[in-house]
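I opened this model to see how its chains are built and where they meet. My entries follow in the order in which I looked things up.

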Amino acid sequence: MLRHIAGRVLGAVPVVLLVALGIFALVRLAPGDAASTLAAEDATEADLARMRAQWGLDQPVLVQFFYFLTNLARLDFGTSYRYHAPVTELIGQRLPATIELAVIALLIAAAIAVPLGVATALRKGSWLDGLGSLVAVLGVSAPSFWIGILLVLFVSGYLNLLPSSGRIPLDVPLREMTGFVLIDSLLQGQVGVFRQGLEHILLPATTLAFGMIGIIARISRSAVIDVGQEEFVVTAVAKGLKRREVVRNHLLPNATVPIITIIGLELGTLISGSIVVEVVFSWPGLGSLLYSAVTSRDIPLTTGIVISYTFIFISLNVLVDLVYVLIDPRLRVGRA
Amino acid sequence: MHDTSRIDDAVLEADQLSLFLRAGRGTELKIVDSVSFSIARGEFYALVGESGSGKTVIARSLMRLFPPNTLRMEGRLVVDGVDLTTAPASRVQRMRGRSISMIFQEPMTSLNPLMTVERQIDEAIAVVGGMGRRERRERVVELLADVQFANPGSVRSMYPHELSGGMRQRAMIAMALANNPSLLIADEPTTALDVTIQEEILQLLLRLRDQHGLSILFISHDLSLVRRFADRIGVLYGGVLMETGPAHELIDHPTHPYSRALIDCIPRRREAGKRQAGIDGLVPGVADWFDGCRFAPRCPRMAEDCRHGRIEMTPTQPAQVARCLHPL
């Protein structure tokens, strides 16, 4: 078991290295360098050379890459040009908001999509199945910024039900503990703040969830249909189990592996894909930070955020692999 | 009602059973035509046929394992006094695992890979209810010992992938016997197993039949296998029951030319220079029903009248019936 985990974690190292190399190369390929970006308008060629020497930009590329990797290993991405603060600190401040948004979006999506997928699989070919396909196609093809704007216009603007931007009103006092508004407010017993946090997160999370519902529902549907053709399901029926029991004890557990896979992958894409939604809803997360980093050519911050996304994505994949082991006894290698 | 081998103490009675596959848009495909046979308490009845003869469909229709919108049943199919062709779904569901149990061809895929042997057997016991956790646990061990696991205590906590093919099939049998059913349907349960394991499973089934008065419907394509174990044999061909009767008599004196041909195909010690017998031609597909005898195109005794009308089951020997106008 421990060996399995170690194997999965070690297997992720080459991926991180490859991504690091890619980011390093992209930054070097972009026209101009840090010195020319940051230098004052009237800087001379000599000033630029001095800056390059100071930051090691005059060193051979391989040496620079080595420095880049050693800093990466220490989780040191340097100082943001724009915010004049350590990149790691900036990311640390923004990450909880993004995770909170992604997790709530995932909960909304899974709560709708998994039952929908299972129900459409059990009633294949019915009107419900048709409706499920329609929802899936709509969800996958509608761009999230469009859905977001529609929701803002309708729910916030027209119905005036929910706020359209931010995490909590600026004047609300909330001491930061975990960085997650929903958790902090509960820990401090501030139910009102919790409600406000929930109201704020609902629209952006629904927008994010929209695109996932289709994919998760379709994967759940085909997973359940596949398992339904397995011989052990016939055995379960022949045993005399009720249909409900067959579905609960035999169909669903065996369908969880593909469903967990897609949910894990989708959570990764959610966290890295929330950029547009965060900008639309002025959500103070990693996505809107990346947006401002890119538009202001803040290379250390951009690099740091992209690497963080990679870490998150890979960790989620490893996590999903470990969940498989919990579900499927056949994957428990080394069991006597 | 020409089956002279009908018995009063019948656990199963199929009477003019026909099965139709619903092909959609109102079209139907007849896949089994007017099959009649019965199985007495404690009897080992073998239904033998080539692939495509309809034997597996009959086996599965006995438990109504097909959704009603895919298969229509006609005639009568009575198990423990309940006619399965007309019984409501809830009644049939309550018969599964209690009156009738089933084991399958592929022990590799017929057990749930995510559940331990104990949980799967326990689930079968719990179908009836009325037993506490501890009682059920003891019953699981008892059942596993009954199917000759030397160490039921350790087998029960194993997952299917940790068992060999023969062990899985025995676990399946233990599960099928959980509620002392009156009829066990065995759908080619040994086909996927080694010859030695095959023998072991068959001996086990016979012992269980003697111990529990179990009736067994054994589906097989292998006449040479079942003739050593079965009490009675039914020979299926292209969805039609051609002949049925006591095993020894049917093997020694087949009265239907198709039974004769099948028996001639049983491999024996080779005589020098002699080719292994076979049957020329192909089994007619379920899509083309033609008039007269289904075997006529391949039959060495075919006469003009075999090609017309409907041929009924008629007694050919004191205990045998065959669907043939010119029996042997």
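**Chain A, overall.** I began with burial: 34% of the 336 residues in chain A are buried. Buried means 20 or more other C-beta atoms within 10 Å of a residue's own, exposed means 12 or fewer, and partly exposed lies in between, with C-beta atoms placed from the backbone. The model is predicted: local features need pLDDT of at least 70, side-chain atom pairs count only at pLDDT 80 or more, and totals for chains, interfaces and linings use all residues. Residues are numbered from 1 along each chain as its sequence is written, while chains are lettered from A and ligands numbered from 1 in the order in which they are written.

I then listed the elements. Chain A has 14 helices and zero strands. Helices (H or I, at least four residues) and strands (E, at least two) are DSSP runs, numbered from the N terminus. The C-alpha atoms of chain A fill a box of roughly 85 × 60 × 40 Å along the principal axes. I also checked contact range in chain A: of the contacts between residues at least 6 apart in sequence, 72% join residues at least 24 apart. A contact here is two C-beta atoms, placed from the backbone, within 7 Å.

**Helix pairs in chain A.** I looked up H7(A) (residues 144-158) against H9(A) (residues 191-228). Their axes come within 9 Å and cross at roughly 140 degrees. That makes H7(A) oblique to H9(A). For the angle classes, under 35 degrees is roughly parallel, over 145 roughly antiparallel, 65 to 115 roughly perpendicular, and the rest oblique. Axes are lines fitted to C-alpha atoms, for helices over the stretch in contact, and angles run from 0 to 180 degrees between N-to-C directions. H7(A) passes H9(A) in a right-handed crossing. On the H7(A) side I noted residues including A:Ile147, A:Leu151 and A:Val155; H9(A) brings, among them, A:Leu203, A:Thr207 and A:Phe210. The residues of this contact divide into seven nonpolar, six polar and no charged. Nonpolar covers Ala, Val, Leu, Ile, Met, Phe, Trp, Tyr, Cys and Pro; charged covers Asp, Glu, Lys and Arg; the others, Gly among them, are polar.

Next came H5(A) (residues 87-122) with H11(A). They pack at about 145 degrees with axes 10 Å apart. This crossing is right-handed too. A:Ala102, A:Leu106 and A:Val114 are among the H5(A) residues that meet H11(A), whose share includes A:Ile259, A:Ile263 and A:Leu267. The contact of H5(A) with H11(A) has 13 nonpolar residues, one polar and one charged.

**Where the chains meet.** I counted 23 residues of chain B in contact with 19 residues of chain A. H2 (89-95), E6 (100-103) and H3 (117-126) of chain B each supply at least two residues of the chain B side. That side has eleven nonpolar, seven polar and five charged residues.

Seven of its ten residues are buried, so H3(B) is largely enclosed by the rest of the structure. Among them are B:Val117, B:Ile121, B:Asp122 and B:Glu123. Their cover includes H11 (243-273) of chain A, together with H4 (133-146), H5 (152-155) and H6 of chain B.

**Cores.** Which residues have the most contacts inside the largest nonpolar core? I found B:Leu217 and B:Phe218, in a core of 88 residues. A nonpolar core is a set of buried Ala, Val, Leu, Ile, Met, Phe, Trp, Tyr and Cys residues joined through C-beta atoms within 7 Å. H6(B) (residues 165-176) gives the largest share, six residues. B:Leu217 touches, among others, B:Leu12, B:Ile39, B:Tyr45 and B:Ile185. A second, separate core has 59 residues, including A:Val87, A:Ile91, A:Leu203 and A:Ala209.

A:Arg297 has a positive phi of about 50 degrees although it is not a glycine. I placed A:Arg297 in the loop between H13 (286-295) and H14 (299-327) of chain A. A:Arg297 counts as partly exposed because it has 15 C-beta neighbours inside 10 Å. B:Asn180, also not a glycine, has a positive phi of about 45 degrees. B:Asn180 sits in the loop between H6 and E7 (183-187) of chain B. With 12 C-beta neighbours inside 10 Å, B:Asn180 counts as exposed.

Note on methods. A crossing is left-handed if the near helix is turned anticlockwise from the far one by less than a right angle, and right-handed if clockwise. Lists of a residue's contacts leave out its neighbours within four places in sequence.
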